[in-house]
Amino acid sequence: MLWNRNFILVNLGNFLMYNAFYMLLPILPLYLANHLHASESIIGTILSLYTIAALITRPVAGFWLDKASRKPLMMCFYLFYISMCLSYTLAATLGLFFIIRFVHGIAFGCSTVGINTMAVDIIPWERRGEGLGIYTSSTSLAMATGPLISLFMNENGIEFNTIFIAVFCVGLTGFLATANIKPGKDVQRSNRKFSISSLLLRKGLPVAAVMVLLTFGYGIITVYLSIYAKEEVGLTQGTGYYFTIFSAGLVAARLSSSMILRSGKYIMVFALGIISLIIGFFIVAFILNPTAFYSSAIFMGIGYGLISPTAQTMIINLGEDTERGAANATYLTFFDLGVGAGVFCGGIIAQYSNYSTAYAVGFALTILGLVYLLTLIRKHFYKYRLR
């Protein structure tokens, strides 16, 4: 049975964790620019630290989740993550913000691997594609509500520190929900010894690698959208609605594709997702008006809604049951590698050109990702898949 108490609670815990994450994303560039007077390149560098920290941490977190009792370790990660949300109230200088952002990235990397791995444990293996499609929809709903709430608060004159406290309260609610999950029988633990090669799922690397190409533009969207909308599209308010439309596409795509994934048509769903991204990035890079801006959101949402659960399910299906932590760490690490590259390079590209040029780079990389999927990933997956 898929819909049980544990599945509902893990979805709620994930939704509130990511709600806190997405509440922070659009206001931190504004905080750095308006409150700490940082330049665009400095903003990109500092915000990319979050992803760099998560990249370093996630493989190690995945290894220990395969070795230790899952829930207690995951709860420690979650508590670490929400505690760091509150620390932004202390970020009075760029140097202090630098440190806080890096440590928060470590906490985020650990907590997301933890809750994703617990979700895989809860979902019956025969309904994994369907279950992950539904589970990741909770992340999409968070993307719809998080930026909308924080940008609304900011546009109505609420102080940054008050927003940071609200973010902490949202995360704390998610922690309490997750604490009520009652794990079933303990899954088989890995007996692997710690080594660099054991931190990631080797067979999953070719599939995970395409996510770097596909999430480069995602990093630019999530961090720089409000600045792009104001400077290049001419929108001074209502930017948060982009994320609402984006998330509607995400949820619709993930729910509608869940049954298709159950039938095993992974490559078809993956390819359709990338094609939708290509359309979305073309619009946002080359057609600069409010109508095009909002219409691109639906294509972006559908694209990421199709590729994210598909890629995650494919990587998990390439590993043994004792490698679930490593499989999730592999997927999330490469996802964030692309996001981090987008955040870092997006700020630099915008400083020397503009954000439209940065989105054009994302457009080119999605085309390359489609070619990579059809020529290399398809063959590798069907050769090495275990289920």
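**Exercise 1. Decide whether I279 is buried or partly exposed, and find where it sits.**

Solution. Start with the accessibility: I279 has 34% relative accessibility, so it counts as partly exposed. The scale behind this calls a residue buried under 20% relative accessible area, exposed over 50%, and partly exposed in between (1.4 Å probe, protein chains only). Next, find its place: I279 is in helix 10. Helices here are DSSP runs of H or I with at least four residues, strands are runs of E with at least two, and both are numbered from the N terminus.

Before going on, note that this is a predicted model, where local features need pLDDT of at least 70, side-chain atom pairs count only at pLDDT 80 or more, and totals for chains, interfaces and linings use all residues. Residues are numbered from 1 along each chain as its sequence is written, and side-chain values use heavy atoms, leaving out hydrogens and water.

**Exercise 2. Work out which helix gives the most to the nonpolar patch.**

Solution. First list the members: I260, M268, L272, I275 and I279 make a nonpolar surface patch of about 400 Å². Then look at the helix: helix 10 (residues 266–286) gives the most, with four residues.

**Exercise 3. Describe the fold of the protein chain.**

Solution. Count the elements: there are 13 helices and zero strands. Now check the size: the radius of gyration, taken over C-alpha atoms, is 19 Å, close to the 21 Å of the globule rule for 387 residues, so the protein chain is as compact as a globular protein of that length. That rule is 2.2 Å times the number of residues to the power 0.38. Finally, 60% of the 387 residues count as buried.

**Exercise 4. Find out how much of helix 1 is buried.**

Solution. Helix 1 (residues 5–24) has 20 residues and reaches 29 Å from its first C-alpha to its last, close to the expected 28 Å. The expected span is 1.5 Å times one less than the number of residues. Of the 20 residues, 16 are buried, so helix 1 is largely enclosed by the rest of the structure.

**Exercise 5. Locate the salt bridge and say which parts it ties together.**

Solution. The structure holds one salt bridge (a side-chain nitrogen of Lys or Arg within 4 Å of a carboxyl oxygen of Asp or Glu). Its partners are R58 and D336, at 2.0 Å from N to O. R58 lies in helix 3 (residues 40–67) and D336 in helix 12 (residues 324–352), so the pair ties together parts that are 278 residues apart in sequence.

How values were computed
Patches are made of residues with over 30% relative accessible area and no salt bridge: like charges are joined within 9 Å, nonpolar side chains (Val, Leu, Ile, Met, Phe, Trp, Tyr) within 5 Å. Accessible areas come from the Shrake-Rupley method with a 1.4 Å probe; for residues, only the protein chains shown count as cover.
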